[in-house]
Structure formats: structure tokens, C-alpha cells
Amino acid sequence: MTAETPISLLIVDDHPVVRDGLRGMFAAAPGFTVLGEAADGVQAVERAAALDPDVVLMDLRMPGGGGVDAIRELTRRGARARVLVLTTYDTDSDTLPAIEAGATGYLLKDAPREELFTAVRAAAEGRTVLSPAVASRLVSAVRAPRSPGNEPLSAREREVLVLVAKGTSNKEIARELFISEATVKTHLTHLYAKLGVNDRAAAVAVAYDRGILG
């Protein structure tokens, strides 16, 4: 995307008033275009396939098909769209499954308008977006099941992690570092183990918390 190309959105929420409010908000802001809406996860998957948005704003708890299942299916299909969860729920039972399913970010509905706009722009660029409350919960949760050692990341693992934090794909990381995709996956496996996490978003959250990034 370029500065001149608006970020395209699919809004997914079971409440028409919420969808109308979000549509109006983004329609009034420069740099965004709303391609469509969906009232549940099943519709979200269908409309994402048909409309090919840059970002899907995804609610989680919806009758007729929840957001986590939709995120998981979009990930399985290799959808281009980045999923930014926008919900009122920040419990561990909501945040962790959504991130594990493949969500790029997680924001609460009480976020200020400008924070939401910034989060959508970041998600469109493939950067992980977590509200402070969610990031704190995620860090606590990923630490709980394991007690990872204090083994430091290697220089190469740090390079990979920095690129992951920028939303860079494995293929792009391989090209930038002049290594194979298989080697990238090996580095990711090692740094996940060292950080005590299972996926990219959690790795970035823990790395920021520990001061490894930023």
C-alpha cells in the first residue's frame, strides 16, 4: 500500500449499530474505505474471500459463528487480510485463542478513535497491535505454562525477531537475511522456546516486555 491508496476494511460485528458507527467513523476519516460488513464469523469468511480487504475488524462473540473460528479459517485459507480483533472482552479465554488463531492485533472497543485508526494502519502493514491491557494479559498468560530459561537470543535470532515485529513474512525474512525459509523457521522455533511462547504475536509481546525490542 502507498500513502495514496486507502486501506480497505471489512467490519464484522453482530450489532448493526456498532457496524454503522464504525462505517461512519472510517468513512469520515481520510485513508480508509469500507468494502463491506458481516454479522458473524461465517459471513466474515465469505465476504473476506469475495472482497479481499486489507484489514478485517473482527468482533469475537457473535451468534451464528464466532470470531476465533473465523480467524482460524482465514488463516487456514491463507487470506491476505490482516485481522484486527475489536471487542469488549479482554479475558485470557478470549485473547489467547484469537492471537493463536492468527489475529494480527487485539484492541478493545473503548479505544479512542485515533488509537483505532493507528491500529488499523499498523495492522495493514502487518505489525502486531495489542492494547496495553491485552498485552499485559498475554505476557502473563504465555509465561504461566512454562518457565523459560534466561538463555539469551543469538544475534541472528534477534535479527529475525526484529523483522517479525515489523510484520515481515518468513519468505521476506529469508530474502532479507540471505537464508532459506527452513532456516528462518528453525530460528523462530528456537526463539519461541527461549521466550516461552508459541507464536509470532506472543513473541513480540514478550520481547517488548523484556526490553529485547524497543
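Helix α7 (residues 155-165) packs against helix α9 (residues 181-195) at an angle of about 90 degrees, and their axes lie 10 Å apart. Axes are lines fitted to C-alpha atoms, for helices over the stretch in contact, and angles run from 0 to 180 degrees between N-to-C directions. So α7 is roughly perpendicular to α9 (65 to 115 degrees; under 35 is roughly parallel, over 145 roughly antiparallel, the rest oblique). From α7, Arg 156, Glu 157, Val 160, Leu 161 and Val 164 make the contact; from α9, His 187, Leu 188, His 190, Leu 191, Lys 194 and Leu 195 do. Contact means heavy atoms within 4.5 Å.

The model is predicted: local features need pLDDT of at least 70, side-chain atom pairs count only at pLDDT 80 or more, and totals for chains, interfaces and linings use all residues. Residues are numbered from 1 along each chain as its sequence is written, and side-chain values use heavy atoms, with hydrogens and water left out. Helices (H or I, at least four residues) and strands (E, at least two) are DSSP runs, numbered from the N terminus.

Leu 22, Met 25 and Phe 26 of α1 meet Arg 113, Leu 116, Phe 117 and Val 120 of α5.

| Pair | Angle | Axis distance | Contact residues by class |
|---|---|---|---|
| α7 and α9 | about 90 degrees | 10 Å | six nonpolar, two polar, three charged |

Ala, Val, Leu, Ile, Met, Phe, Trp, Tyr, Cys and Pro count as nonpolar, Asp, Glu, Lys and Arg as charged, and the others, Gly among them, as polar.

Next, the strands. Strand β5 (residues 105-108) points Gly 105 and Leu 107 one way and Tyr 106 and Leu 108 the other; all are buried (under 20% relative accessible area; exposed is over 50%, partly exposed in between; 1.4 Å probe, protein chains only). Four bridges join β5 to strand β4 (residues 82-87), in parallel. Strands pair if DSSP finds at least two bridges between them. Leu 86 has Leu 107 as its bridge partner. Two bridges link β5 to strand β6 (residues 129-130), also parallel. There Tyr 106 stands opposite Leu 130.

Ala 98 lies in helix α4 (residues 92-101). Its relative accessibility is 0%, so Ala 98 counts as buried. Beyond four places in sequence, Ala 98 touches Leu 60, Val 68, Ile 71, Val 85, Ala 103 and Tyr 106.
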